[in-house]
Amino acid sequence: MSSSTKTEFQTYDNFINGEWTKNASGEMFPVYDPSTEEVIAQVASSNQADVEKAVKAARAAFDSGPWATTSAQDRGRILFKLAEKIRQNSARLAELECRNTGKPIVEAEYDIADVATCFEYYGGLATKVLGSVNPVPANALSFTLREPVGVAGQIIPWNYPLLMAAWKLAPALAAGCTCILKPAEQTPLTALEFANCFAEVGLPPGVVNIINGLGETAGAALVAHPGVDKIAFTGSAAVGKLIVKSAADTLKRVTLELGGKSPNIFFTDADWEASIDGALFGVFINQGEVCSAGSRILVEKKIYPQFVEAMTEKAKRIKLGAPLDRETKMGPLVSKEQYDRVSSYLELGKKEAKVAIGGNRPREFGKGFYLEPTIFYDVDNTARIAREEIFGPVATVIPFEAESDAIRIANDTLYGLAAAVWTRDIYKAFRVVKSLRAGIVWVNHMQPTYVEAPWGGYKQSGFGRELGPWGLEEYLETKQVFVNLDEAPINWY
Ligand code: NAP
Ligand code: MG
């Protein structure tokens, strides 16, 4: 990574074939600090011609470059070196991530540590990709080779920028793929800074390319390109659907990590303090800009009024502030667009339910896309605020009578990314776990995510899994090899 500090009005081109490359149109777009609303960088706006260049580089690197014959061991070593570079530069990357997203610095530091862990994990896994020998008749031998899928287009959102890049790049590189990463237009900076170390760790040119630009232009061109073998996408369900439709024309492999409206279920017998904390943490961490946010808080009727009251009391303590302040627990939303979107849900929520706390822009901030942590209660699960992903600091609290009601309400959603259940009764806990239609279910916690365990959704939360061996699997093809051991001719004609 370069030693220069590139956080002040830096201009970033595309990173293609190992070089910073000017975009065809010469058009740039601004990148903001959402806490000050100031421009902090200018970034190339790419079009079809730029994507063409990136695909050419990634294709050549995959088909005939040195990467094609780089051993699994050496790919693993490169991944370990990437992790080391991340750790060496963690303070600077965390600060940049913090400034660009508005998330609290303490959370950004966790993210960057997770980025390094992700590269380490897949560095280790690179050498553990095994084929099989298949039990065919005795006069033959059949085995499988696991081979990289090819050129992977990777489109990521703005909520965990470098971490989402790591979740996609690390398994792809472990598998031997080459990559074209399209960061979110709002938050490309950490991924671009990361590119400065690629040559130093021994990544050949063209193996990882980064294309800046808008989803509708750069992203769409990547999805449609016949030279791209696979698209890995994290973002909204609406864009996920567009991607599946467009990818159908070239029949590329697609994996989708979409949003959710995840239920966080609290029974009377759960630990009280842990529950109140867990309800708040589940929905307000990262300003609520989390795909697995526990945005529907289902509470057993017996404890419902006290629960809403205790959540409200504790929510008063959530410290909004400057992202770089270590005391800050909640920063601004990522962009004006997201601020407006969430604000419109706050207005809708005031019509659809009761407000326990929040619902407005906090008065103390003159600038920045800040919104109060908001708790709506007496929410009906048919209300729009209970059905649509808001992606901001907005909780909806819904009462339920019996265990069966909790399960029914929890599953009554188009989504199925995550869920959590809080109880001390292990029979009940596991009955509920088995009944929930979601890709991740926590018991007596919400949000911890480990690279060793799979991540992904049921239903309209997408398909495919990231992390763990499941994440690597998505970047592998299976080739069956049949060897005839019988020297006699087929003797058919
Ligand atoms: P988004 O529009 O789905 O964007 C995600 C990524 O897809 C971005 O890189 C985006 O580019 C790109 N993209 C947009 N349109 C595209 C197209 N037609 N073809 C290819 N790529 C395209 O999400 P967003 O605008 O960042 O946020 C909107 C909503 O998405 C949020 O409110 C939330 O509901 C959801 N979201 C979910 C997650 C998650 O982790 N599941 C994360 C973030 C957001 P641009 O940067 O130019 O838009
Ligand atoms: Mg967008």
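Strands (E, at least two residues) and helices (H or I, at least four) are DSSP runs, numbered from the N terminus.

Hello everyone! What you see is a predicted model, where local features need pLDDT of at least 70, side-chain atom pairs count only at pLDDT 80 or more, and totals for chains, interfaces and linings use all residues. Residues are numbered from 1 along each chain as its sequence is written, and side-chain values use heavy atoms, leaving out hydrogens and water.

Let's visit strand 19, residues 418–422, which is mostly covered, with five of its five residues buried. Ala418, Ala420 and Trp422 point one way, Ala419 and Val421 the other, and all are buried.

Which strands pair with it? Two strands pair if DSSP finds at least two bridges between them. Strand 13 (residues 263–266) pairs with strand 19 in the parallel sense over three bridges, and isoleucine 265 stands opposite valine 421. Strand 20 (residues 440–443) is also parallel to strand 19, over four bridges; here alanine 418 faces isoleucine 440.

Now for two helices. The axes of helix 1 (residues 48–63) and helix 8 (residues 215–224) come within 9 Å and cross at roughly 45°. These axes are lines fitted to C-alpha atoms over the stretch in contact, with angles from 0 to 180 degrees between N-to-C directions. Contact, meaning heavy atoms within 4.5 Å, involves Gln48, Val51 and Val55 of helix 1 and Ala218, Ala221 and Leu222 of helix 8.

How values were computed:
Chains lettered and ligands numbered in written order. Buried < 20%, exposed > 50% of the residue type's maximum accessible area, 1.4 Å probe, protein only.
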